[in-house]
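Dear colleague,

I am passing on to you the structure that we talked about, together with some notes on what I found in it. Please read the notes with the model open beside you, and take your time over each part.

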Amino acid sequence: MAGKNKRKLEDLSVDEFMLSGFDSGEEDDCEDEESTQQKGKMKKPAPQKTSVKKQGKASEHKDHLSALKSKDPEFYEFLQENDQKLLNFDDSDSLEDEEEDEEERMYHRLPSQLEEADDDNDEVETGKKDLKKPKEGTKVTEAMIENWRTGLRKEPTAKLIRDITQAFKAAVATTKGDSEELCRYTISDSAVFNSLILFCIKDMHAALNKMLKLKDPEKGQKKLILPSSSPRWQKNQIDIKMYIAGVVQLLSSLTQSTVVAAVLRHANQMVPYYLCLPKQCRHFLKSLIKHWSTGEETVRVLAFLALNKICRNKQDIYLNPVLRQMYIAYVKNCKFTSPNTLPMINFMQRTLAEMYSLDTQVSYQHAFIYIRQLAIHLRNAMNLKKKETYQSVYNWQYMHCLYLWCRVLSTIYPSEVLEPLIYPLCQVIIGCIKLVPISRYYPLRLHCVRAIILLSANTKTYVPALPFLLEILQQEDFNKKPGRMSIKPINFAVILKLSKTNLQEKAYKDGLVEQLYDLILEYFHTQACSIGFPELALPTIVQLKAFLKECKVANYCKQKAAFGVGDVTAVAAWEKQVAEEGTPLTKYYSQWKKLREKEIQLEISGKERMEDLNLPEIKRKKAEEKKADKKEFKGLFESDSDDDDDDDDDLFKSKEGKGDSDEDDEGLEDLSDLSDDDDDEENVDDLEEDDSDGDQKKPSSSKGKAPKKMLSTELKEVADGDEDMVEDLELSDQD
């Protein structure tokens, strides 16, 4: 009976067996005729009520098997002995969809005939391997790339772009090592890989613009034309998204700097496409910040250009997070400073300052928070006074942060928004200098002074930096002989702290004097145009003179030439160089010579010089005006005026009696007018002076007698008289 049942089961497939109606009387009879004859016909099980929710097929089969136990216990026992898995299967698939069942049927079908166990196991395993093995993609060749290039340059289509994008995806997968990733194409040759990447870098940007029919930006146009404005954007968005995501993955996997620089140039062209896809743009920004902070020089520059381009066009979305991530990357990568890393750190300082200048409001928020953090570290160090707290301030990260914010405030100046941060930043720098003011930390003090000079020079703010430099001249004993000699000089630009051995070396004092000289000169240069420069320089000059008197080391207090006076060739070369370059005295002499020659020319042409000087002119009074003055002041001096009138009448009568018409008489008549005027003035002076002087000058005259003729010397004395009246009046042409 068991064999009969087994033979019938072999003729049935799994699906037929599972779908066989155990609840029907006919199928029960077909399955086991002998059992039905012995026990008789059994009642059909009552049909179960279907629930509202649809049950899975596994649950239905389980119900059938449970009914089989009561309906045909012998067959149930047979199943327990020969096929235990069928009875103890899991019903976890009760919620699976019918589509998944159909897929399973497609891939999992039982063979029509069962074979022996040994041969069957090997073939089943090989069948499983064939099912798991993915279908191989089309291999990319140089000819295919050349055809794609020709098609793109002729007329780019959506299908062609899709094929190139799939091939580019396969190339990127090879750099990541994802060989199991399903792709339509495969790249197996390095030459094909290089050709494909080079082809995409050169031609894809122009092809995409041509396919989307984007116009070229006009000259001087700063605003980018976004591809999303094209009506063809939605149709090709998926392929473009796949391509630019592959560019970001390629940047993260490449290691050779020249290849990274080439891909970054292409990515910089694709910035408008990244701006239209926010998710890909965020990944792109993350990769750019990494290359900006850790890459080679060219890579850093290209990454910064792309960052600046994105933030300029989407400030409200990307600027704030980008500035935060760039500042964190800057702090991480300036922990160690050496002659090789210092140029890169300076590059990050300058470029980050440029990024902060895009929006002063956002920059103020960042600067306020991070300067406040620096102040908190300094306050903790001043209060706790422990080695750990000192190290939190006296390190390269702290120092480079001070440099950064000094450069940011200097770059954005003048700005009403950021100007209030100048004072607290200066206080933090000065507090850092005063925290541990010992000789071992002189290099750190010099760095702080450089930061102050940078801030003071560019913001036109006076910050007292000279006292911190002159204090070193007072504290350090430069006359003390060094304990040991060293050949290698100390590079103060890349150290913050000196060891005890360095303090005993001669190179330490030599380098310190050079640093002080450089910084004092640089600070005076920044303040040279200030009106308070004399007062600023005087205390420094006094202290420097005192230092020169006390210092006995010739190298520190005297400037020596590299050659001796006996070297005639070197002296001649030096004199020639000085003559060509000029000295302050020669420059002053050339200016003075020009002014002096101009003055000499003015002296030669006296008239022109008088006109240039605008001197006042002399105006003499007319005879009529003099007579009018006499009549006006007649009542003041009656005695003198009467005598003068008599003299004048007698003088005129004598001239009429002679009847002479000589030129001498006319000249005498003119002089008489002057003498009368002079006599009047002398009479006024005689009231204030002695009478003796007046009596000698006045000729004796009496009534009825003609006056005596005056000599030429007397006439000259009368003509000279007192000084004429000087007025700033102009004469007419007739006068």
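**Two loops and a cis bond**

Proline 414 has its place in the loop between helix 22 (396-412) and helix 23 (422-435), and the peptide bond that leads from tyrosine 413 to proline 414 is cis, with omega near 0°. Please keep in mind throughout that this is a predicted model. The bond deserves a second look because most peptide bonds are trans, just as most residues other than glycine have a negative phi.

Lysine 385, in the loop between helix 20 (360-384) and helix 21 (387-391), has a positive phi near 55° although it is a residue other than glycine. Lysine 213, which is found in the loop between helix 12 and helix 13, also is not a glycine and has a positive phi of about 60°. Are these side chains buried or exposed? Lysine 213 has a relative accessible area of 60%, so it counts as exposed, and lysine 385 is exposed as well, because its relative accessible area is 59%.

**The chain as a whole**

The protein chain contains 37 helices and two strands. Of its 735 residues, 33% count as buried, while the chain exposes about 49700 Å², of which carbon and sulfur atoms supply 51%. If you take the contacts with a separation of 6 or more, 69% of them are between residues 24 or more positions apart.

**The nonpolar core**

In soluble globular proteins, nonpolar side chains tend to be buried together. Here the largest nonpolar core has 152 residues, and the members that touch the most others are Trp148, Phe284, Trp292 and Trp405. If we leave aside the neighbours within four places in sequence, the contacts of tryptophan 148 include Val140, Leu160, Ile164, Tyr185 and Phe199, and also the aspartate Asp163.

**Salt bridges**

How many salt bridges does the model have? The count comes to ten. One of them joins the side chains of arginine 149 and aspartate 203, at 3.8 Å from N to O. This pair links distant parts of the chain, since arginine 149 is in helix 10 (residues 142-154) and aspartate 203 is in helix 12 (residues 190-212), 54 residues apart. Both arginine 149 and aspartate 203 are buried.

Lysine 506 pairs with aspartate 510, with the closest N and O atoms 2.8 Å apart, and both lie in helix 27 (residues 506-526), four residues apart, or about one turn of the helix. Lysine 506, at 28% relative accessibility, counts as partly exposed, and so does aspartate 510, at 24%.

Glutamate 599 is partly exposed at 40% relative accessibility, and arginine 596 is partly exposed with a relative accessible area of 34%. Elsewhere, salt bridges that share partners join Glu146, Arg149, Arg153 and Asp203 into one network.

Tryptophan 592 also lies in helix 31, where its relative accessible area of 41% makes it partly exposed. Together with Leu585, Tyr588 and Tyr589, Trp592 makes a nonpolar surface patch of about 510 Å².

**Two buried loop residues**

Threonine 337 is in the loop between helix 18 (315-332) and helix 19 (342-356). Its relative accessibility is 12%, and because buried means under 20%, threonine 337 counts as buried. Not counting residues up to four places away in sequence, threonine 337 touches Leu342, Ile345, Trp396, His400 and Val494, and a polar contact of 2.9 Å joins the side chains of threonine 337 and histidine 400.

Serine 230, in the loop between helix 12 and helix 13 (233-253), is likewise buried, with a relative accessible area of 8%. Apart from its neighbours within four places in sequence, serine 230 is in contact with Leu212 and Leu214. A polar atom of the serine 230 side chain lies 2.6 Å from the backbone oxygen of leucine 212.

With best wishes

How values were computed: Residues are numbered from 1 along each chain as its sequence is written. This is a predicted model: local features need pLDDT of at least 70, side-chain atom pairs count only at pLDDT 80 or more; totals for chains, interfaces and linings use all residues. Side-chain values use heavy atoms; hydrogens and water are left out. A nonpolar core is a set of buried Ala, Val, Leu, Ile, Met, Phe, Trp, Tyr and Cys residues joined through side-chain atoms within 4.5 Å. Buried means under 20% relative accessible area, exposed over 50%, partly exposed in between (1.4 Å probe, protein chains only). Contact means heavy atoms within 4.5 Å. A salt bridge is a side-chain nitrogen of Lys or Arg within 4 Å of a carboxyl oxygen of Asp or Glu. A polar contact is a pair of N or O atoms within 3.5 Å; within protein, one must be able to donate a hydrogen and the other to accept it, and residues adjacent in sequence count only if both atoms are side-chain atoms. Patches are made of residues with over 30% relative accessible area and no salt bridge: like charges are joined within 9 Å, nonpolar side chains (Val, Leu, Ile, Met, Phe, Trp, Tyr) within 5 Å. Accessible areas come from the Shrake-Rupley method with a 1.4 Å probe; for residues, only the protein chains shown count as cover.
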